Amino acid sequence: MTASTPNIPGVSEELAYVFFHLICPCMGCLVATATFAAPIADLRVALLRQSLGDLNPRPWAIMTGNCLGWCAYAYYIHNPFILASNIPGLILSMWLNTGAAKLEYRQMTAIPPTTTVGGRHRPTVLLQPHDPNDDDVPRESESIDCAAPIPFSPVFTPQEIWWLRVLIMWSVTLVGVGWVFPGHQAATVGILVNLNLIFFYAAPLQTIRQVIQSGNSNSIHAPTMIMVCANASFWFLYGIALG
């Protein structure tokens, strides 16, 4: 990259340098952190009420890949601003994803699946704790129906699957880029993380069909969208300055 300071009529070169090379990336760090932190309050509310509701957690999985890729890119080009703006997001994304996975697991286990028995469907009853003094509890000497339905317990939630896919993709990318593109690690990671960034910005639009059909935009997180616009503006100006 070639550092250059855009010429602004009536503004000295020194002042322009301070604005583009220092103020813009510093503001970008603050706004980027605010962008990643925007869903925290809503997730806390969701955890308290034990339901995701209208929250769309898929962008949080892509957020992990986005921050991980930018941290790697900052390491390759030795840029402290890019690194400082993405480490908080990487940490926050872990909490957001685990919180969403908890809620999805609760929702998946709260609705008993149906089990086919004798050509008929009957609900699987989740096991409940029993009073040890209750005479209805089977004793060890009593036979238990082995054909009884097994309680439903999912291994992975959809959010965990998304998160693992993103982590695996970036793990393979960061390990392989040194062998496939030796000497061009920064450019390769930079291109890939910009593609990831496009998916991160577009991730909330996954629910756009639902928004149009229902006329309700609650599934698109408004605070995140506002902060994304502000964040992109500062980094756009810093990108111009860096060439």
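At 7% relative accessibility, Glu104 is buried in the predicted model, where buried denotes under 20% relative accessible area, exposed over 50%, and partly exposed the range in between (1.4 Å probe, protein chains only). Glu104 forms a salt bridge with Arg58, and the closest N and O atoms of the pair are 3.0 Å apart; a salt bridge requires a side-chain nitrogen of Lys or Arg within 4 Å of a carboxyl oxygen of Asp or Glu. Because Glu104 belongs to helix 4 and Arg58 to helix 3, the pair ties together parts that are 46 residues apart in sequence. Arg58 is likewise buried, with a relative accessible area of 17%. The structure holds one salt bridge.

Residues are numbered from 1 along each chain as its sequence is written. In this predicted model, local features need pLDDT of at least 70 and side-chain atom pairs count only at pLDDT 80 or more, whereas totals for chains, interfaces and linings use all residues; side-chain values use heavy atoms, with hydrogens and water left out.

The secondary structure of the protein chain comprises eight helices and two strands, helices (H or I, at least four residues) and strands (E, at least two) being DSSP runs numbered from the N terminus. Along the sequence, these elements follow the pattern α-α-α-α-β-β-α-α-α-α. Of the 243 residues in the protein chain, 34% are buried. Contacts were defined by heavy atoms within 4.5 Å. Among contacts in the protein chain with a separation of 6 or more, 76% are between residues 24 or more positions apart. The protein chain exposes about 15,000 Å², of which carbon and sulfur atoms supply 66%; accessible areas come from the Shrake-Rupley method with a 1.4 Å probe, and for residues only the protein chains shown count as cover.

The protein chain has a mean pLDDT of 81, and 77% of its residues reach 70 or more. Confidence is highest in helix 3 (residues 58-77), at a mean of 94, and lowest in strand 1 (residues 114-117), at 48. The pLDDT is below 50 over residues 121-128, a stretch with 24 contacts in the model beyond near neighbours in sequence. Over residues 140-144, pLDDT also stays under 50, and the model has two contacts beyond four places in sequence for this segment. Where pLDDT is low, the predicted coordinates should not be read in detail.

Two serine residues of helix 4 were examined. Ser85 is located in helix 4 (residues 80-110) and is buried, at 2% relative accessibility. A polar atom of the Ser85 side chain lies 2.9 Å from the backbone oxygen of Ile82. The side chain of Ser85 also makes a polar contact with that of Asn86, at 3.1 Å. A polar contact is a pair of N or O atoms within 3.5 Å; within protein, one must be able to donate a hydrogen and the other to accept it, and residues adjacent in sequence count only if both atoms are side-chain atoms. When neighbours within four places in sequence are set aside, Ser85 is in contact with Gly28, Cys29, Ala32, Thr33, Phe36 and Trp235. Ser93, also placed in helix 4, is buried at 0% relative accessibility. With neighbours within four places in sequence again excluded, Ser93 is in contact with Trp60, Met63 and Thr64.

On the surface, a nonpolar patch is formed by Tyr17, Val18, Phe19, Leu22, Ile23, Met27 and Leu30, with about 590 Å² of accessible area together. Patches are made of residues with over 30% relative accessible area and no salt bridge; like charges are joined within 9 Å, and nonpolar side chains (Val, Leu, Ile, Met, Phe, Trp, Tyr) within 5 Å. Tyr17 lies in helix 1 (residues 13-37) and is partly exposed, with a relative accessible area of 42%. Met27 is found in helix 1 and is partly exposed at 32% relative accessibility. The C-alpha atoms of Met27 and Trp235 are separated by 8.9 Å, although these residues are 208 residues apart along the chain.

Backbone geometry was also considered at two loop positions. Gln50, in the loop between helix 2 (40-49) and helix 3, has a positive phi of about 60 degrees although it is not a glycine. Gln50 is partly exposed, at 35% relative accessibility. His78, in the loop between helix 3 and helix 4, is not a glycine but has a positive phi of about 55 degrees. His78 is exposed, at 69% relative accessibility.

Note on methods: pLDDT = per-residue confidence, 0-100.
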